[in-house]
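Me: I'm new to this one and would like to learn how to read it. Could you take me through a few features, one at a time?

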Amino acid sequence: MTVTDLAGVSKIAHAHGVLSIVDNTFMTPYLQRPLELGADIVIHSATKYLGGQSDLVAGLVVVKDAQLAERLAFLQNATGGVLGPFDSFLLIRGIKTLAVRMDRHVANAEKAARWLQAHDAVARVYYPGLPEDAGYAINRKQAKNGGAMISFILKDHYDYRAFFKSLRLIILGESLAAWNRWCAIRRR
Ligand SMILES: Cc1ncc(COP(=O)(O)O)c(C=O)c1O
């Protein structure tokens, strides 16, 4: 949940003659536009917010430089890594509702983060939308708000296994949540 200064990193990259690539999956183009902050390439796992329905595995690569776009299109064509027509349809359908879904995700995340912060069992909440968060200032500089990804730590005497087993509203999501859950259980 560490927030990266995108303009700062792009500046350093360009000073050294290298491209800067931003994975904008957690923020989406609705909340943050890295190309405008100096990034050369932006990637998204469209499996997450862009698709939005957990019925699709897809990814996007976005550039603003025509030459770079041509190189990437050549590689894409050569390797055959292109989305099929039906998956493309699902993704376009998902993107149409991105703005309304993100507004609700963020409103929910802000509420959940505050609630967790005040909870007795919680030692620490990581959410860049909270003014107390280390990434808050950079986030406000480069994005519309803190997005909807939250992380938190329970106090020492709480059993994570029991915690995960007791969850009723939070379910496993495509790839991301399943992975996080697996890591958390494995650590114990
Ligand atoms: C931030 C981020 N980027 C990229 C990916 C890869 O996504 P996909 O599973 O759609 O290939 C993930 C997957 O969890 C992710 O969390």
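Me: Let's start with Asp5: which residue does Asp5 form a salt bridge with?

Reply: Keep in mind that this is a predicted model. To call a salt bridge, you look for a side-chain nitrogen of Lys or Arg within 4 Å of a carboxyl oxygen of Asp or Glu. Here Asp5 pairs with Lys141, with the closest N and O atoms 3.7 Å apart. The two sit in distant parts of the chain, 136 residues apart: Asp5 is in the segment before H1, while Lys141 belongs to helix H6 (residues 136–142).

Me: Are Asp5 and Lys141 buried or exposed?

Reply: Under 20% relative accessible area is buried, over 50% is exposed, and partly exposed is in between. Asp5 has 26%, so Asp5 counts as partly exposed. Lys141 has 60%, so Lys141 counts as exposed.

Me: How many salt bridges does the rule count?

Reply: The count is 4. Among them is Arg33 with Glu36, at 2.9 Å from N to O; Arg33 is partly exposed at 48%, and Glu36 is exposed at 60%. Another is Asp55 with Arg93, at 3.0 Å. That pair also links distant parts of the chain, 38 residues apart, with Asp55 in the loop between S2 and strand S3 (59–63) and Arg93 in helix H4. Asp55 is partly exposed at 35%, as is Arg93 at 30%.

Me: Now the domains. What does the assignment give?

Reply: It gives domain 1 (6–96) and domain 2 (98–187). Their C-alpha centres lie 24 Å apart.

Me: What area is buried between domain 1 and domain 2?

Reply: The size of an interface is often given as the accessible area lost when the parts come together. In this model that comes to about 1,700 Å², and carbon and sulfur atoms give 61% of it. On the domain 1 side, Tyr30, Leu31 and Tyr49 lose the most, together 42% of what that side buries.

Me: Which polar links cross between the domains?

Reply: There are 0 salt bridges between domain 1 and domain 2, but 9 residue pairs are in polar contact across the interface. Helices H1 (6–15), H2 (28–31) and H4 (85–96) each supply at least two residues of the domain 1 side. H2 gives the most, with 4 residues. By type, that side divides into 12 nonpolar, 8 polar and 2 charged residues.

Notes: Residues numbered from 1 in each chain as written. Predicted model: local features only at pLDDT ≥ 70, side-chain atom pairs only at ≥ 80, totals over all residues. Heavy atoms only, no water. Domains from an automatic or database assignment. Buried area = accessible area lost by both parts, 1.4 Å probe. Polar contact = N/O pair within 3.5 Å; in protein donor to acceptor, adjacent residues only side chain to side chain. Nonpolar A, V, L, I, M, F, W, Y, C, P; charged D, E, K, R; others polar. Buried < 20%, exposed > 50% of the residue type's maximum accessible area, 1.4 Å probe, protein only.
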